[in-house]
Amino acid sequence: MSAPHFPDWRPSSTPSWGAQDLSRLRQSQIRKVSAMPADYGAVIEEVESGWVGAIISVEASGGIHVVSLEDRRGRVRSFPLGHGFLYEGEPVELTPPTPRAAAPKPTRTASGSVAVSDAPARVARASRIWVEGTHDAELVEKVWGEDLRIEGIVVEPLHGADDLLGAIRAFGPGPQRRVGVLLDHLVPGSKESRIAREVMQQQGAKGNIAVLGHPYVDVWQAVKPHLLGLKRWPDIPRSQDIKVGTLQALGWPHANQRDIAHGWKRILAQVNSYADLEPSLLGRVEELIDFVTVEP
């Protein structure tokens with residue numbers, strides 16, 4: 001048997017064995033943390049809790065400085081200033097803010113959220129919010145449009161809820177592909193309540209589909225009536241189209257679809273923010289936005 005052959009071995013000019021400076025190795029592996037002034041309006045994530053919000057104040061409390069972060073729904077939490085924060089995905093140490101003459105008041109979106117200046121629109125998610133018609137979509141866009149673009153959520157009109165079940169099956173909801181549905185007149189005994197029940201009984205609906213609604217026969221009635229000089233929206237007989245009947249009661253043109261479209265534009269023009277809408281609609285839309293944006 002021939003003797004085994006071993007290749008020539010020579011020590012490397014930079015050996016990986018022997019005594020080394022371990023502290024230098026550890027430092028090279030630690031992610032660099034930058035100091036960042038806790039300036040008003042910057043959007044920060046607190047690592048331990050996952051809380052994300054805009055900086056609205058830095059104050060002394062109990063001998064330490066705390067930074068207050070307000071999320072897009074207006075909720076506020078405070079954290080000790082220092083390490084444990086992310087800014088644009090990078091770790092930062094928050095330091096006292098840059099001195100300024102006076103703190104500006106928060107800028108709000110139409111939905112009441114803190115506006116994030118120069119925030120780019122997010123690439124659209126696979127998840128969707130569906131509403132019954134074009135008027136519903138236009139109203140949601142006017143009040144929540146800025147928030148939805150930041151979140152990457154598209155609102156699509158169904159043009160009626162009668163085939164909602166078929167649309168759900170064609171869409172194929174899942175954990176990364178959720179559907180939030182906003183229905184008109186979702187009250188006990190209504191056609192819409194039956195449709196919602198059938199949808200939620202489908203296999204895989206739980207956690208992937210949410211069907212919510214408001215009590216109004218049409219989304220027009222979710223606009224506060226005093227904006228149009230009314231104490232309440234007129235009662236329209238079920239035998240009459242609610243849009244035609246409403247326009248007629250208001251003394252506005254109502255002969256054709258063009259009149260209806262023009263009447264809706266007049267109503268929508270009165271809406272400037274969430275304060276112009278009924279709470280029963282506000283809450284449902286906010287719930288749907290949360291549902292389709294929560295990370296699984």
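Predicted model: local features only at pLDDT ≥ 70, side-chain atom pairs only at ≥ 80, totals over all residues.

Residues are numbered from 1 along each chain as its sequence is written, and side-chain values use heavy atoms, leaving out hydrogens and water.

Begin with strands S8 (residues 128–131) and S9 (residues 154–157), which pair in the parallel sense over four bridges; strands are DSSP runs of E with at least two residues, helices runs of H or I with at least four, and pairing takes at least two DSSP bridges. Tryptophan 130 has glutamate 156 of S9 as its bridge partner.

Now turn to H2 (residues 134–151) itself, whose axis comes within 12 Å of that of H6 (residues 257–268), crossing at roughly 20°; axes are lines fitted to C-alpha atoms over the stretch in contact, with angles from 0 to 180 degrees between N-to-C directions. H2 is therefore roughly parallel to H6, a term for angles under 35 degrees. His135, Glu138, Leu139 and Lys142 of H2 make the contact (heavy atoms within 4.5 Å) with Ile260, Trp264, Lys265 and Leu268 of H6.

H2 also packs with H7 (residues 279–293), at about 25° and with the axes 12 Å apart, so these two are roughly parallel as well. Here Leu139, Val140, Trp144, Leu148 and Glu151 of H2 meet residues of H7 including Leu281, Val285 and Ile289.

Notes. Parallel < 35°, antiparallel > 145°, perpendicular 65-115°, else oblique.
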